[in-house]
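Trainee: I have a new structure to read. Please take me through its features one at a time.

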Amino acid sequence: MNEKNSIGAFQLCCLFFVSRVLALFTFILPESERLAAGDRPLLFLSFFVFGLIVLLPAFVLCKRKESVFDLTDRVSPNLTRFCAVLFAIGAVWNAAVGLARVSLFAGTVLFEGVSLTLPMLGLTVSSVIVAVKGRETVARAAVIVAGLLIFVFLFVLVTTAKDFDVANLEPPFENGVLSFMKQGLLAVARTPELGALLLLAPNVKGNVRKSTSLWLLFFGITASASFLIITGVTGAFGERQMFQLYTLTTLSKLGAMERMDDIFAAVWVLAALIRTAFFLGLGGESVTRVFPKTSLKHVIVILGAAAFGLCLLMSGSVVTFADVLASDGNVVMFVSFIVLLPVVVLIAERMKQKRERNRLK
Amino acid sequence: MKKIICIFILFCILLTSVGCDALGGHELGQRLIIEAIGIDSDENGYLLTLQALDLKNTDPSGSKHPTKLLRFRGKTLGDAFGGIAGATGLTPLYSQARFILFGRSAAETGLGAPLDFFMREYNARSDVLIAVTDGPASDFFGSDDNETIAAEEIELAMESGSNTGQCAKIPLYCFVSLSLSESDTAYCPILKKDEKQNTVTCHRTAFFRDGKWTDTTDERLTEGFLLLQGELKNATVTVHTNDGAFTLRVINAEREIKLSGDANSQIIMNVKVVADVIEYESGGFYDLGEEEVNAVGSALKKELESILKDAFQTFYTDWNMDVCRLFRRFRLLHPNKYSSYNYTILEDFADGFICYVSVTVRRTGREQM
Amino acid sequence: MERPVLIHADVKTNTDELKRRFHNSFDLTVRELTVGGVCAAAAALEGMCSDEIIAETLLKPLTNESPQGKTALTEYELEARLYKGMGVQKTCAFDEVCEALCRGFLVLFLENAGFAYLFSVQGYPKKAVEEPQTEQNERGATEGFTDTLRDNTALLRRRLQTPFLVFEKLELGRTAHTPVAICYLSDRTPADLLEKVRNRLSVAKLDTLTGAISLRPFLDGTPPSLFSSTGFTQRPDKLAAKLTEGRVGVLADGSPFALIVPGLLIDYFQAEDDYASNVFYSFFIRILRAVSFLISAALPGLFVAVCDFHPEALPPGIMADIAAAEARTPFSLMTEALLIHLVYEIVREAGLRMPRAVGHAVSIVGALAVGNAAVEAGLIAAPMLLIVALTAVSSAVVPKLNESVAPIRFCLIILGGAAGSFGVFLGIGLLLADVCATSPYGIPFSAPFSPFSNKAQADSLWRRNMKMLGEIRQKIGDLKFG
């Protein structure tokens, strides 16, 4: 293992948390895709189970301390190049989705009715700067940001819990268990961060499988608790708000400290910064697999520019963006990248090994 | 050198965007800080009355801030609000508004449309208080010639009314949630202005169907409503026993609801009341013995049970309003039976209401050690 | 390579060469004398040697006790006299003679010897050991480092009486040849850390070394960061404590500051007094320092952001006061914030540089003229003055971070004015990345929080009681990777 570029399993989980929490805060989906209010508090169960299933191939890689590229290298160097390009595209796409989420959120809440090109450019440039500083930097910063986010979460949940009304809740499984399971699977599919395990497996120190499993549970419970409080406090009003968690923060108050929502919302900017830097870093590393002589710094700058361009395209309309997020293409992409690809490569590598053994015999 | 030039260019971009409202920032002096909003409606649209801080006439060393009244008309509320910037040259800031007051006309026409504006406006507080007034809201704050009532005083009246069992205050998001739910009933306090003393009181409650003000409770029914909600605090209740009249302060009334979803639909409400004797009208100065205290407790129990039953009868039988959100609770507890019951459950429950009040008299005013 | 000039057998030639090398500098004193019947010359730089020591322990035994008319002393006899109670070295190289003279040695040339004796008779004026002015202490030790390397090493040795304490001597400064000492505990300090410190110091190409602090950029590494990962202290007890954690200290002659390598962010929030207080108080005070740092860096920026972009966060009463005050000032809030903080920095700098008596006057004038008059004239709003006062007081809580905080503060004001809390937090994010990216010795500057080290939490913001701390024995090497 390369100690220099290694990050701890705890740091990786903090990275996942920070990255995924951004999606939770800026949760935008078309009305048709909305999860039944009664199912939300139990979502963590299906999220955890499906998360574990989806991560099985990644866990195999973690055990072998090999990245997916190490395997593809053994199968065929061309396959490595192909996969690296796909991963780089995926990373840029996810970075752009994160930026677009922030853009729509900031355009609605923080800077109403103004062009957000400049702030988003600022965020992208900052993310590129952070990504260039390296994976360790991003991971270390993620630990601190995760701590800050958990504090904000707890503050909001604790200070709003007094307004919790059981009558606001809805019974679970109203749309049937199948719908509940489907939503759990979709929630996992909206966690592209998990794909990082396939690339970072050899560079993560500590018990990755245990940490990631605990993270799945922790994040699931955090999301469920948030949804429970959101529904219990804001009821039908919250249901009709575009950013429900943000709506909850607007109700949070402690003594003279009221309406801290914009400050809390700005904390989410830190999460966006880390998330974008993380994905740009991953994309950069994938590209340097294809072009080993290229400077990582330059690649990250180019990927950042691409992500910024995509973000501008996506964040034009909330409806379009919500449809993009809800499209089945995301699920297909997630399953292909994170489940099928490693499984196929693992099988191909095993078959190749077998063939070589037979040839030697 | 390249880096320095890059940093310098970035710095210049930043400086050019600073102070030019490029990202929607405004100096505080350029904002119209709205403290209270009054909304009336008629056939021509909406009349918006705003009580806003008058920064130009504020003495920076003084603790009081003069306010000014502004009125805007518009076909829609958005129209009316849109006129503010044009008329004053200032950007309205709704977040500091302490409450939104609807005139009778607007409340009877329906609060759906005006509240929709506030739901979509992130700048406004979700927890701003909602209230109605019998007359037009535009006159409520005073007129340009008369002395105005400060928004702070009106807010205080709502707070104290709520804290003394005289009215039930409600924030915007709760009002909207109740309005949006098919089974629930939205409500808000009614503000009354004493023209002579220029003061405000808040002591009744307005109830809404489909966003429209349809029913009004008197003081006793408001108490009953608050008891049903478990929100009756610091209310003053007078009871009569053989020993004379006792005035008690209900410190707290904790409510517990049990629903049974079997053939005999029942709602069992347990209310635990803690009260203090604050006055004993007996013509002299007497201490209270155990017997008197028990008698007072029984009388209070009887009185509160009567208030509760009357309130339940009015809301559930006469008005067909689910003010305790029983339907939703039932749905949560028995989701399978919910579909078969539907709204007829309210009628079933109206017949099966059982309430138990337990009273603890905590202080009698002259405790013996 | 140039051949070294050797000492001549003739005393006169040697003294002439010396005078030539020192360009007949007036402080070079050369006295001719006879030692044990042998012609000799003693040279020293005036003011660098102790006259008393020279007279008592050198000249007296050499000149007075020598029997008149007796034949010249043998070299053995001479050395027996010379070595009586003082440090003596012998050298044949003229360059070494010059260096020794500069360090306060007395040089003795003997006729026909071909070498010179170097007597350690330094006695230059120096400051006494005093309480450090920059790191005041309430309950701890009161001794601070002085400007003399020897005294400083002695102060440290007195606190770490162990043979594991090692001082490695270097000379830095192409012209000044300032003695510098690397100090460490050989049983605790990671070898690679020590090696890196040696390497970095060896490439420090300076003409003169004005103080140990000048070495910070060489020890900090690249890329440059707003925060220095080289700590410094004026307190020998603090340096001793840091050395026991396995860190490396750097002392330089002529500087009362010792550098500590590596320095971590958490060090800025710790003080020696914390260990003299109970654990709860020390936790409180450390949190207070961290909060003060945040206030001094971000409060003005956040204030501008909140007032311009998110006024809803202000409670109605406070907002009305701020709005009323701000409505009367001609400048935008951001310009006001920049101006008033600029004025504060000017007053602060003036207070530092001016003679102490005048410095007080400057502070008073600054407070009165800038504060009161500006508010009364309606140029600055009173709330902004309160913010700058809070910022100034907070920055005084962690003075060592002031040089990092001042530019951050200005940047955050601009970002807050340009993009509200979005901009401020973007700036904070970049700052965080800068802190997290700094790890010049493989030990992250942000440790022990990120990477999180459970063991090191025993003495981070929270401090365990001394009994537990004694058992835990923290080492800097443990923070290497998390």
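Mentor: Start with two helices of chain A: the axes of H2 (residues 43-64) and H7 (residues 177-189) come within 8 Å and cross at roughly 55°. This is a predicted model, where local features need pLDDT of at least 70, side-chain atom pairs count only at pLDDT 80 or more, and totals for chains, interfaces and linings use all residues. Residues are numbered from 1 along each chain as its sequence is written, chains are lettered from A and ligands numbered from 1 in the order in which they are written, and side-chain values use heavy atoms, with hydrogens and water left out.

Trainee: How do I read a pair of helices?

Mentor: Two packed helices are described by the angle between their axes and the distance between the axes. Axes are lines fitted to C-alpha atoms, for helices over the stretch in contact, and angles run from 0 to 180 degrees between N-to-C directions. Helices (H or I, at least four residues) and strands (E, at least two) are DSSP runs, numbered from the N terminus. Under 35 degrees is roughly parallel, over 145 roughly antiparallel, 65 to 115 roughly perpendicular, and the rest oblique.

Trainee: Which class does the crossing angle give H2(A) and H7(A)?

Mentor: The crossing at roughly 55° makes H2(A) oblique to H7(A).

Trainee: Which residues of H2(A) and H7(A) meet?

Mentor: Contact means heavy atoms within 4.5 Å. H2(A) brings residues including A:Phe47, A:Phe50 and A:Val54, and H7(A) brings residues including A:Phe180, A:Met181 and A:Leu185. The residues of this contact divide into nine nonpolar, four polar and no charged. Here Ala, Val, Leu, Ile, Met, Phe, Trp, Tyr, Cys and Pro count as nonpolar, Asp, Glu, Lys and Arg as charged, and the others, Gly among them, as polar.

Trainee: Where can I see two chains pair their helices?

Mentor: Look at H5 (residues 117-132) of chain A and H14 (residues 402-437) of chain C: their axes come within 10 Å and cross at roughly 5°. H5(A) and H14(C) are therefore roughly parallel to each other. Residues in the contact include A:Leu123 and A:Ile129 of H5(A) and C:Phe422 and C:Leu426 of H14(C). They divide into eight nonpolar, two polar and no charged.

Trainee: How do I read a whole interface?

Mentor: The size of an interface is often given as the accessible area lost when the parts come together. Buried area uses a 1.4 Å probe and is summed over both parts. Chain A and chain B bury about 2600 Å², 56% of it on carbon and sulfur atoms. In chain A, A:Ala167, A:Phe237 and A:Arg259 lose the most area to chain B, together 24% of what that side buries.

Trainee: How much area is buried between chain A and chain C?

Mentor: About 2700 Å², with carbon and sulfur atoms giving 75%. In chain A, A:Phe111, A:Arg140 and A:Ile263 lose the most area to chain C, together 21% of what that side buries. The contact joins 34 residues of chain A to 30 residues of chain C.

Trainee: How many salt bridges cross the interface of chain A and chain B?

Mentor: A salt bridge is a side-chain nitrogen of Lys or Arg within 4 Å of a carboxyl oxygen of Asp or Glu. Four cross between chain A and chain B. A:Lys253 and B:Asp127 meet in a salt bridge at 2.9 Å, N to O. Between chain A and chain C there are zero. Over all chains the count comes to 53.

Trainee: Which residue forms a salt bridge with A:Arg40?

Mentor: A:Glu239, with the closest N and O atoms 3.3 Å apart. A:Arg40 lies in the loop between H1 (9-25) and H2 of chain A and A:Glu239 in H9 (residues 208-239) of chain A, so the pair ties together parts 199 residues apart in sequence.

Trainee: Where are the cis peptide bonds?

Mentor: One joins C:Val261 and C:Pro262, with omega about -5°. Another runs from C:Ser450 to C:Pro451, with omega near 5°.

Conventions. Buried area is the accessible area (1.4 Å probe) that two parts lose on being put together, summed over both.
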